[in-house]
Amino acid sequence: RLGYAEADPTADVDGFDAQAKLAILIGVGLGCQVEVSDIALGSIRAVSVSDFSYARRLGCVIRQVARAELLPDGGEIRAAVQLALVPEDSSLARVDGTQNIVVVDGEFGGETAFSGFGAGGAPTAVAVVSDVLAIARGAPTRDDQVLQSRRRVVQQEFDAPHYIRFMIRDRPGILAALAEVFSRHGVNVDAVWQEPGWSKAELPFVMTLETCGSASVTAALDEISRFDFHVRPPLWLPILTMGEARA
(Lines give C-alpha, C1' and ligand atoms only; values in the text may rest on other atoms or scores of the structure.)
Protein backbone atom coordinates (compact mmCIF):
# COMPACT_ATOMS: atom_id res chain seq x y z
CA ARG A 1 0.00 0.00 0.00
CA LEU A 2 2.88 2.40 0.78
CA GLY A 3 4.80 1.42 -2.34
CA TYR A 4 7.68 -0.13 -0.38
CA ALA A 5 7.48 -3.54 -2.10
CA GLU A 6 6.51 -4.94 -5.48
CA ALA A 7 3.18 -6.75 -5.93
CA ASP A 8 5.35 -9.86 -5.80
CA PRO A 9 7.85 -9.02 -3.03
CA THR A 10 10.05 -12.10 -3.59
CA ALA A 11 13.11 -10.14 -4.77
CA ASP A 12 13.16 -8.08 -1.57
CA VAL A 13 12.01 -10.72 0.92
CA ASP A 14 14.34 -13.45 -0.33
CA GLY A 15 17.31 -11.12 -0.85
CA PHE A 16 17.68 -11.23 -4.66
CA ASP A 17 17.54 -7.43 -4.94
CA ALA A 18 20.25 -6.99 -2.30
CA GLN A 19 22.31 -9.75 -3.95
CA ALA A 20 22.31 -7.90 -7.30
CA LYS A 21 23.10 -4.57 -5.63
CA LEU A 22 25.99 -6.11 -3.75
CA ALA A 23 27.48 -7.42 -7.01
CA ILE A 24 27.33 -3.85 -8.37
CA LEU A 25 28.92 -2.44 -5.21
CA ILE A 26 31.71 -5.01 -5.42
CA GLY A 27 32.42 -3.81 -8.96
CA VAL A 28 32.30 -0.10 -8.16
CA GLY A 29 33.83 -0.17 -4.69
CA LEU A 30 36.31 -3.01 -4.85
CA GLY A 31 37.05 -3.02 -8.58
CA CYS A 32 36.20 -6.70 -8.95
CA GLN A 33 33.77 -8.66 -11.09
CA VAL A 34 31.77 -11.49 -9.51
CA GLU A 35 28.92 -13.73 -10.57
CA VAL A 36 25.73 -12.61 -8.82
CA SER A 37 24.72 -16.25 -8.28
CA ASP A 38 28.00 -16.91 -6.42
CA ILE A 39 26.97 -14.59 -3.58
CA ALA A 40 25.46 -16.59 -0.69
CA LEU A 41 21.82 -15.67 -0.16
CA GLY A 42 19.39 -15.88 2.76
CA SER A 43 15.70 -15.00 3.07
CA ILE A 44 14.00 -12.98 5.81
CA ARG A 45 10.92 -15.22 5.83
CA ALA A 46 11.98 -17.38 8.78
CA VAL A 47 12.34 -14.58 11.34
CA SER A 48 9.71 -14.59 14.10
CA VAL A 49 8.47 -12.31 16.88
CA SER A 50 10.55 -14.22 19.42
CA ASP A 51 13.75 -13.43 17.48
CA PHE A 52 13.29 -9.69 18.01
CA SER A 53 12.84 -10.28 21.74
CA TYR A 54 16.01 -12.37 21.97
CA ALA A 55 17.91 -9.84 19.85
CA ARG A 56 17.07 -7.08 22.35
CA ARG A 57 18.38 -9.24 25.21
CA LEU A 58 21.66 -9.55 23.32
CA GLY A 59 21.88 -5.78 22.77
CA CYS A 60 21.27 -6.20 19.04
CA VAL A 61 18.73 -5.61 16.28
CA ILE A 62 17.99 -7.76 13.22
CA ARG A 63 18.95 -6.43 9.79
CA GLN A 64 19.23 -7.83 6.29
CA VAL A 65 22.92 -7.27 5.59
CA ALA A 66 24.72 -7.52 2.26
CA ARG A 67 28.45 -7.55 2.91
CA ALA A 68 31.61 -8.02 0.90
CA GLU A 69 35.29 -8.04 1.74
CA LEU A 70 38.39 -8.10 -0.46
CA LEU A 71 40.59 -10.76 1.08
CA PRO A 72 44.22 -9.87 1.92
CA ASP A 73 45.77 -11.75 -1.01
CA GLY A 74 43.65 -9.64 -3.39
CA GLY A 75 42.52 -12.65 -5.38
CA GLU A 76 39.22 -13.55 -3.77
CA ILE A 77 36.10 -11.87 -2.40
CA ARG A 78 34.08 -12.89 0.65
CA ALA A 79 30.43 -11.97 0.12
CA ALA A 80 26.98 -12.84 1.45
CA VAL A 81 23.43 -11.50 1.81
CA GLN A 82 21.68 -12.66 4.97
CA LEU A 83 19.84 -11.70 8.10
CA ALA A 84 22.24 -10.84 10.89
CA LEU A 85 22.27 -9.51 14.43
CA VAL A 86 24.06 -6.17 14.63
CA PRO A 87 24.87 -4.14 17.78
CA GLU A 88 22.28 -1.52 18.74
CA ASP A 89 24.94 1.22 18.63
CA SER A 90 26.24 0.32 15.15
CA SER A 91 25.62 2.28 11.96
CA LEU A 92 23.58 -0.59 10.53
CA ALA A 93 21.20 -0.55 13.51
CA ARG A 94 20.40 3.14 13.25
CA VAL A 95 18.65 2.99 9.86
CA ASP A 96 14.88 2.55 10.08
CA GLY A 97 11.83 2.22 7.89
CA THR A 98 12.78 2.35 4.20
CA GLN A 99 16.27 3.70 4.77
CA ASN A 100 19.28 1.95 3.28
CA ILE A 101 22.87 2.39 4.38
CA VAL A 102 26.23 1.54 2.83
CA VAL A 103 29.11 1.27 5.29
CA VAL A 104 32.67 1.24 3.93
CA ASP A 105 35.48 0.13 6.21
CA GLY A 106 39.01 0.76 4.97
CA GLU A 107 42.30 -0.42 6.45
CA PHE A 108 43.57 3.14 6.93
CA GLY A 109 40.49 5.35 6.38
CA GLY A 110 38.27 3.66 8.92
CA GLU A 111 34.49 3.59 8.59
CA THR A 112 32.42 5.83 6.30
CA ALA A 113 28.63 5.55 5.96
CA PHE A 114 26.19 6.70 3.27
CA SER A 115 22.45 6.49 3.96
CA GLY A 116 19.15 7.49 2.38
CA PHE A 117 15.63 6.35 1.60
CA GLY A 118 15.45 3.37 -0.71
CA ALA A 119 11.73 2.82 -1.39
CA GLY A 120 8.49 4.69 -1.92
CA GLY A 121 7.20 6.91 -4.70
CA ALA A 122 9.09 10.14 -3.98
CA PRO A 123 12.58 8.66 -3.35
CA THR A 124 12.24 6.44 -6.45
CA ALA A 125 11.13 9.40 -8.59
CA VAL A 126 14.11 11.48 -7.42
CA ALA A 127 16.52 8.67 -8.36
CA VAL A 128 14.96 8.19 -11.81
CA VAL A 129 14.85 11.92 -12.63
CA SER A 130 18.45 12.34 -11.41
CA ASP A 131 19.60 9.62 -13.81
CA VAL A 132 17.65 11.12 -16.72
CA LEU A 133 19.14 14.57 -16.07
CA ALA A 134 22.65 13.11 -15.81
CA ILE A 135 22.24 11.45 -19.21
CA ALA A 136 20.73 14.60 -20.76
CA ARG A 137 23.68 16.67 -19.53
CA GLY A 138 26.17 14.22 -20.96
CA ALA A 139 27.59 13.20 -17.61
CA PRO A 140 30.61 10.91 -18.05
CA THR A 141 29.96 7.24 -17.40
CA ARG A 142 32.31 4.85 -15.66
CA ASP A 143 34.58 3.03 -18.07
CA ASP A 144 34.23 -0.71 -18.54
CA GLN A 145 37.44 -1.60 -16.73
CA VAL A 146 35.55 -3.54 -14.08
CA LEU A 147 33.62 -5.54 -16.67
CA GLN A 148 36.85 -6.45 -18.41
CA SER A 149 38.60 -7.49 -15.21
CA ARG A 150 39.04 -11.15 -14.29
CA ARG A 151 36.12 -12.60 -12.41
CA ARG A 152 36.96 -13.29 -8.79
CA VAL A 153 36.26 -16.38 -6.74
CA VAL A 154 33.61 -15.68 -4.09
CA GLN A 155 34.23 -17.23 -0.66
CA GLN A 156 31.17 -18.01 1.43
CA GLU A 157 33.01 -19.09 4.58
CA PHE A 158 33.26 -16.56 7.41
CA ASP A 159 34.07 -16.55 11.11
CA ALA A 160 31.67 -14.97 13.60
CA PRO A 161 29.70 -15.65 16.77
CA HIS A 162 26.33 -17.15 15.85
CA TYR A 163 22.69 -17.03 16.97
CA ILE A 164 20.62 -20.20 16.50
CA ARG A 165 16.91 -20.12 17.31
CA PHE A 166 15.11 -23.45 17.69
CA MET A 167 11.33 -23.99 17.73
CA ILE A 168 10.62 -27.38 19.30
CA ARG A 169 8.17 -29.73 20.97
CA ASP A 170 9.73 -29.81 24.41
CA ARG A 171 10.96 -33.04 25.98
CA PRO A 172 13.93 -34.13 28.12
CA GLY A 173 17.34 -34.47 26.50
CA ILE A 174 17.05 -31.90 23.70
CA LEU A 175 19.78 -29.57 24.97
CA ALA A 176 22.13 -32.50 25.51
CA ALA A 177 21.52 -33.77 21.97
CA LEU A 178 22.19 -30.35 20.44
CA ALA A 179 25.32 -29.75 22.51
CA GLU A 180 26.70 -33.17 21.53
CA VAL A 181 26.31 -32.43 17.80
CA PHE A 182 27.92 -29.00 18.08
CA SER A 183 30.78 -30.49 20.10
CA ARG A 184 31.51 -33.13 17.45
CA HIS A 185 31.78 -30.37 14.84
CA GLY A 186 34.18 -28.34 16.96
CA VAL A 187 31.63 -25.63 17.84
CA ASN A 188 31.47 -24.22 21.38
CA VAL A 189 28.12 -23.17 22.84
CA ASP A 190 28.35 -19.76 24.51
CA ALA A 191 24.91 -19.50 26.15
CA VAL A 192 21.35 -20.86 26.12
CA TRP A 193 18.39 -18.46 26.31
CA GLN A 194 14.77 -19.42 26.96
CA GLU A 195 12.07 -16.91 27.78
CA PRO A 196 9.13 -18.03 29.94
CA GLY A 197 5.50 -18.07 28.87
CA TRP A 198 5.70 -20.09 25.64
CA SER A 199 3.75 -23.28 24.95
CA LYS A 200 5.73 -26.51 25.42
CA ALA A 201 4.23 -27.69 22.12
CA GLU A 202 5.90 -24.83 20.25
CA LEU A 203 8.76 -23.64 22.40
CA PRO A 204 11.38 -21.20 21.09
CA PHE A 205 14.83 -21.05 22.63
CA VAL A 206 18.19 -19.72 21.51
CA MET A 207 21.75 -20.98 21.56
CA THR A 208 24.55 -18.50 20.96
CA LEU A 209 27.80 -19.98 19.67
CA GLU A 210 31.32 -18.76 20.17
CA THR A 211 33.22 -17.46 17.13
CA CYS A 212 33.67 -20.25 14.59
CA GLY A 213 33.57 -20.89 10.87
CA SER A 214 30.23 -20.92 9.09
CA ALA A 215 31.03 -24.27 7.43
CA SER A 216 31.15 -25.97 10.84
CA VAL A 217 27.79 -24.46 11.80
CA THR A 218 26.26 -25.52 8.49
CA ALA A 219 27.46 -29.10 8.95
CA ALA A 220 26.15 -29.25 12.53
CA LEU A 221 22.74 -27.81 11.59
CA ASP A 222 22.42 -30.25 8.70
CA GLU A 223 22.69 -33.07 11.22
CA ILE A 224 20.51 -31.33 13.81
CA SER A 225 17.73 -30.78 11.26
CA ARG A 226 17.11 -34.56 11.21
CA PHE A 227 15.94 -34.62 14.84
CA ASP A 228 12.18 -35.14 15.18
CA PHE A 229 11.51 -32.50 17.85
CA HIS A 230 11.55 -29.49 15.49
CA VAL A 231 8.29 -27.59 14.94
CA ARG A 232 10.05 -25.23 12.50
CA PRO A 233 13.51 -25.35 10.97
CA PRO A 234 16.20 -23.63 13.10
CA LEU A 235 17.01 -20.01 12.28
CA TRP A 236 20.73 -19.24 12.03
CA LEU A 237 22.04 -15.66 12.11
CA PRO A 238 25.64 -14.47 12.39
CA ILE A 239 26.28 -11.86 15.07
CA LEU A 240 28.22 -9.06 13.39
CA THR A 241 30.61 -6.99 15.47
CA MET A 242 31.46 -3.40 14.67
CA GLY A 243 33.20 -3.01 11.32
CA GLU A 244 32.20 -6.40 9.93
CA ALA A 245 29.74 -5.11 7.30
CA ARG A 246 31.84 -3.89 4.42
CA ALA A 247 31.07 -2.92 0.82
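**Exercise 1.** Find which residues lie nearest the centre of the second largest pocket.

*Solution.* Start with the lining: 17 residues line the second largest pocket, and Leu41, Gly42, Gln82, Trp236 and Leu237 lie nearest its centre. Here a pocket is an open set of points on a 1 Å grid over the protein atoms alone, where a 1.4 Å probe fits, with protein on both sides within 12 Å along at least five of seven lines; lining residues have an atom within 4 Å of a point. Next, the space in this second largest pocket is about 390 Å³, a volume being the space filled by probe spheres set on the points, which are joined across faces, edges and corners. Then look at the elements: strand 1 (40-41), strand 3 (76-87), helix 8 and strand 10 (230-238) each supply at least two lining residues. Helices (H or I, at least four residues) and strands (E, at least two) are DSSP runs, numbered from the N terminus.

A word on the model: it is predicted, so local features need pLDDT of at least 70 and side-chain atom pairs pLDDT 80 or more, while totals for chains, interfaces and linings use all residues. Residues are numbered from 1 along each chain as its sequence is written, and side-chain values use heavy atoms, leaving out hydrogens and water.

**Exercise 2.** Describe the largest pocket by its volume and lining.

*Solution.* First, its volume is about 1600 Å³. Second, 43 residues line the largest pocket, and Asp17, Lys21, Gln64, Gln99 and Asn100 are the closest to its centre. Third, helix 2 gives the most to this lining, with 6 residues.

**Exercise 3.** Describe how helix 7 and helix 8 pack.

*Solution.* Helix 7 (residues 174-184) and helix 8 (residues 214-224) pack at about 145°, with axes 9 Å apart. Axes are lines fitted to C-alpha atoms, for helices over the stretch in contact, and angles run from 0 to 180 degrees between N-to-C directions. The contact (heavy atoms within 4.5 Å) includes Leu178 and Phe182 of helix 7 and Leu221 and Ile224 of helix 8.
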